[in-house]
Amino acid sequence: GAAAADWGYPQPGQPRSDINSVFLDPEFDAWVARFERHGREVYDRRHDIVAATGVKTGMVVADIGAGTGLFTRLFSTRVGASGTVYAVDISPKLVDYMKNRIKDEGLDNVEAILSREDSTELPADSVDFVFICDTYHHFEYPMTTLQSIHEALKPGGELVIIDFKRVPGFSSSWVMSHVRAGEQRVTAEIQSAGFELVQRLDFMQTQYFLRFRKQ
């Protein structure tokens, strides 16, 4: 809450109103081509990423910023019939797309949920594991959204964040202009929302992998 002002980020004033506008009326084929393509590091390493999460049979997983469902479908296979995956997204069109994909692909253990700018809209104490890939930098109200994630996680539940390394001289100009905060600041924000950092993996070139546990 209070610390958000120190990060120079509107909370809860005016967000950067343009950052998510591109997702509100997406061309689905274009988004699938963009998100699910060789050369996108998280796509190329998707199986390594899912293995690293440690998600197991029977777990309840929330994929926040699920987009076209790349990771949702992989988690669906891992949790099996006794588990559940919530595909959470802020875009009504992407949520509708996911609902159709769930039906077409027979993903009986997946439920698509429309989130708000400041809330995941997940029930309290409902999930074991939250996954956020290339989405944290899109949170318009990071602290209130993190609060809703904290509430949605069961005691001892875990949160994995994958996002872009933001390092001057290393990161692309797109990352430097598009990604709000680097790893250090992201870590500080999540810790201040009641999480402890329990693991950091560095197996990707352009992205980091951070695991947090609800305190």
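This is a short walk through the fold of one protein chain, taken from a predicted model.

Okay, overall picture to begin with. The chain has 215 residues, and 54% of them are buried. In secondary structure we get eight helices and seven strands. And if you take the contacts with a separation of 6 or more, 72% of them link residues 24 or more positions apart.

So, what sits in the middle? The largest nonpolar core has 28 residues, and the ones with the most contacts inside it are V61, F71, F75, F129, F131 and I162. Quite a few elements give two or more residues to this core: on the helix side, helix 2 (41–44), helix 3 (46–53), helix 4 (70–79) and helix 5 (92–104), and on the strand side, strand 2 (84–89), strand 3 (110–114), strand 4 (127–133) and strand 5 (153–164). Which of them gives the largest share? That's helix 4, with five residues. As general background, nonpolar side chains in soluble globular proteins tend to be buried together.

Leaving aside residues up to four places away in sequence, I162 touches V42 and I49, then F131, I132, C133 and D134, and then M204, Q207, Y208 and F209. There's also another core, apart from the largest one, with 27 residues, and V130, L153, L159 and A181 are among them.

Now the helix pairs. Helix 3 and helix 4 have axes that come within 11 Å and cross at roughly 50°. Angles between 35 and 65 degrees fall in the oblique class, so helix 3 is oblique to helix 4. The crossing is right-handed. Who meets whom? From helix 3 you have R46, H47, I49, V50, A51 and T53, and they meet L70, F71, L74, F75 and R78 in helix 4. By class, that contact has seven nonpolar, two polar and two charged residues.

Helix 6 passes helix 8 in a right-handed crossing. Helix 6 brings P142, M143 and L146 to the contact, and helix 8 brings E189, I190 and S192. The class count there is four nonpolar, one polar and one charged.

Staying with helix 6: is it enclosed or open? Eight of its eleven residues are buried, so helix 6 is largely enclosed by the rest of the structure. The buried ones are P142, M143, T145, L146, S148, I149, H150 and A152. And what covers them? The cover includes helix 8, plus strand 1 (60–64), strand 4, strand 5, strand 6 (195–201) and strand 7 (207–214).

H138 is in the loop between strand 4 and helix 6. Buried or exposed? The relative accessible area of H138 is 12%, and the cut-off for buried is under 20%, so H138 counts as buried. H138 and E117 are 21 residues apart along the chain, and their C-alpha atoms are separated by 9.6 Å.

That's my tour, happy to take questions.

Conventions
Residues numbered from 1 in each chain as written. Predicted model: local features only at pLDDT ≥ 70, side-chain atom pairs only at ≥ 80, totals over all residues. Heavy atoms only, no water. Core = buried A, V, L, I, M, F, W, Y, C linked by side-chain atoms within 4.5 Å. Buried < 20%, exposed > 50% of the residue type's maximum accessible area, 1.4 Å probe, protein only. Helix = DSSP H or I, 4+ residues; strand = E, 2+ residues; numbered from the N terminus. Contact = heavy atoms within 4.5 Å. Left-handed = near helix turned anticlockwise from the far one by under 90°. Nonpolar A, V, L, I, M, F, W, Y, C, P; charged D, E, K, R; others polar. Axes fitted to C-alpha atoms, helices over the stretch in contact; angles between N-to-C directions. Parallel < 35°, antiparallel > 145°, perpendicular 65-115°, else oblique.
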